[in-house]
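This report looks at one residue and at one interface between chains. The sequence and structure come next.

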Amino acid sequence: MSQTEAKTMTIEEPTEGRKLLGYLLEFDNVDDLTHGAEKVRDAGYSNWDCHTPFPVHGLDHAMGAKPSHVQWIVLACGFTGLLTGLFIQWWMNAVVHQGNVVTGYQYFISGKPFWSVPANIPVMFELTILFSAFASFFGMLGVNRLPQYNHFTMYSERFGQVTDDKFFISISSEDPKFDVGKTRDMLSGLKGTYLEVLED
Amino acid sequence: MEATVSAMAHSHGITPEQLRKDNPFMGELAKIGPIALVVAVVLFAIGYLMSGADEHQRFFFSYIHNYVFFTSISIGALLFTLVNHVARASWSVVIRRIPEFFAGSLWMMGIAGLPILIMVLTGKVEVYEWVNIGSWIHGAEQQIVQNKEAYLNTTFFAIRYFIYFAAFFLFGRAILLNGSLKQDNQPDGDEKDRGTMRMWQLSAPGLVFSFLLMTFFAIDMIMSLDPIWFSTMFGVYYFAGAMIGFFSTMILMFKWLQSTGRLKEAVTVEHYHDFGKFLFAFVFFWGYIAFSQYMLIWYASIPEETRWFHIRQNADWTPLSWLMLFGHFALPFAFFISRYIKRHNGLLAVGAVWMLVLHWLDHFYQVVPEYQRITGVQPGGGLGAAFDISEIICLLAIGCFWFGAFMVTAGKNPIAPLGDPQIAKSLKFDNVKV
């Protein structure tokens, strides 16, 4: 991708008396977006994001994203699944009636012992996978605070192109470092093509 | 350590021109090759002569054990090279030459295996009982093995042996290594690209054939030590171990080469990270298929199948079975799951050494209990009594031969594919950064 040609950026002006939600900067290629993300990261913003039509290799590094905590949720749930698998089989097959306590039912199958770990491993394995898969899917949603019903980028007409061929950086006005003038100056120094002001 | 790791991760790699200056040759080290081959022959002679008392019976079990161990690593290298061509992988180009040397020297393991072939053809030493069904197998078992005689006979064994290593020569040496070496100083252009295309195309059938040959090799060399027993999982079991051995070897090999000042810039933490990922994957794969083999046999509970495990989980062998479960699977699984460890050069090397030792013990576990079954000798003194000094001599002898074959194949050739069309892309390779 050539970066030699000079980019002209169209810059919108905020309207008097309307609440500013944030800025949205449009890029037309991956390299400019990645370099732009590095600048925003180095400027110390925290409530901002990149939006792309497809996964971009190395973008999380450019954004300074920290390692996710989903893995620990998955590990904990995986172990829970493992022990659940072990427990339900012990409860259902290996325990007999004891007084008033309702317990499991012993199956006698081809001379196998009622309780033997090799037979239990497939179920333990499957429940480990099942619980881990649920944990990674729902854990990912939770850590990403999804689903979100509204986001200020939804106020943009141009933002629809994020599913096609454009790349965006959005900075929320709720960011502690956000400043109407300074943030706009910083963004206009990047190699974007259109700086949009999003207002309520 | 972390500081250097992240500093390397941030750089965008070196250029192919810089790689040519990054000492990509064995140089002085190549002299080890012929010396190691001579040492191997001397050690073999010593081991063989020392073991005369039982007609070399125990010696041959040690020999087969170590032979299948070292051959598995080279077979892993062949499969790795093939699958990378099939996938048109670019990340692996810079580290592909070392597996190519192993794959290219795999046919020489056909020479190292000649004592086994001669032992089978002369039929004097009772190692493979099917060699002499009439006098080495008794009672009802005789009929069972006779039914398998169409496959398990010495002539067909010799023919198969020849086919394995002829095919390994064809794929490993003639197609993959020679094809890659040819590109080293070839000018960029259509002809070079055609060479790459040819390797991509031939690797697909090559992968199928090599996998089949490896399966039959494992059946012939290890599974037929008990001619009654059978497991449809056995080829995959050998494959899983082979890949573990191979990736462990790769980690240690590059660590060693880099410690001598070779490929210091070209091979980065990103490549080690990927070796670690593969190692982790195959540790789990091994656990998965090893347990599947065990559970199916345990559940069906047919005597001719369970006898293999019965020996191995009783008496002296019990600790070894537990070691396989925890040392070869559970512990390394927990160890290699960590991203930090996979990107930490030193810890990864510790894990690689551990896996190589356990992979060696895995083959010990597969081969040597059959000696006890055939001879009826109950060691009775724990695992130590089942061990024999010939294990060490064969380890050194075949290890020297295997490494010597690798070094002789490397010779004066570059130890990275300098001219591969994808080399520039490979040098920039980077896992998703965090």
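In this predicted model, Ser231(B) counts as buried because its relative accessibility is 11%, and the cut-off for buried is under 20%. Ser231(B) belongs to the loop that lies between helix 11 (190-221) and helix 12 (234-259) of chain B. Apart from neighbours within four places in sequence, Ser231(B) has contacts with Met223(B) and Gln293(B). With Gln293(B) there is also a polar contact, side chain to side chain, at 2.8 Å.

The second topic is the interface between chain A and chain B. The size of an interface is often given as the accessible area lost when the parts come together. Here chain A and chain B bury about 1300 Å² between them, with 75% of it on carbon and sulfur atoms. On the chain A side, the residues that lose the most area to chain B are His61(A), Lys112(A) and Pro118(A), together 41% of what that side buries.

The counts for the pair of chains are as follows.

| Item, chain A with chain B | Count |
|---|---|
| Residues in contact | 13 residues of chain A, 14 residues of chain B |
| Salt bridges | zero salt bridges |

Which helices of chain A each supply at least two residues of the side that touches chain B? They are helix 2 (59-62) and helix 4 (117-143). Helix 4 of chain A gives the largest share of that side, five residues. By class, the residues of the side of chain A that touches chain B are seven nonpolar, three polar and three charged.

Methods
Residues are numbered from 1 along each chain as its sequence is written. Chains are lettered from A and ligands numbered from 1 in the order in which they are written. This is a predicted model: local features need pLDDT of at least 70, side-chain atom pairs count only at pLDDT 80 or more; totals for chains, interfaces and linings use all residues. Side-chain values use heavy atoms; hydrogens and water are left out. Helices (H or I, at least four residues) and strands (E, at least two) are DSSP runs, numbered from the N terminus. Buried means under 20% relative accessible area, exposed over 50%, partly exposed in between (1.4 Å probe, protein chains only). A polar contact is a pair of N or O atoms within 3.5 Å; within protein, one must be able to donate a hydrogen and the other to accept it, and residues adjacent in sequence count only if both atoms are side-chain atoms. Contact means heavy atoms within 4.5 Å. Buried area is the accessible area (1.4 Å probe) that two parts lose on being put together, summed over both. A salt bridge is a side-chain nitrogen of Lys or Arg within 4 Å of a carboxyl oxygen of Asp or Glu. Ala, Val, Leu, Ile, Met, Phe, Trp, Tyr, Cys and Pro count as nonpolar, Asp, Glu, Lys and Arg as charged, and the others, Gly among them, as polar.
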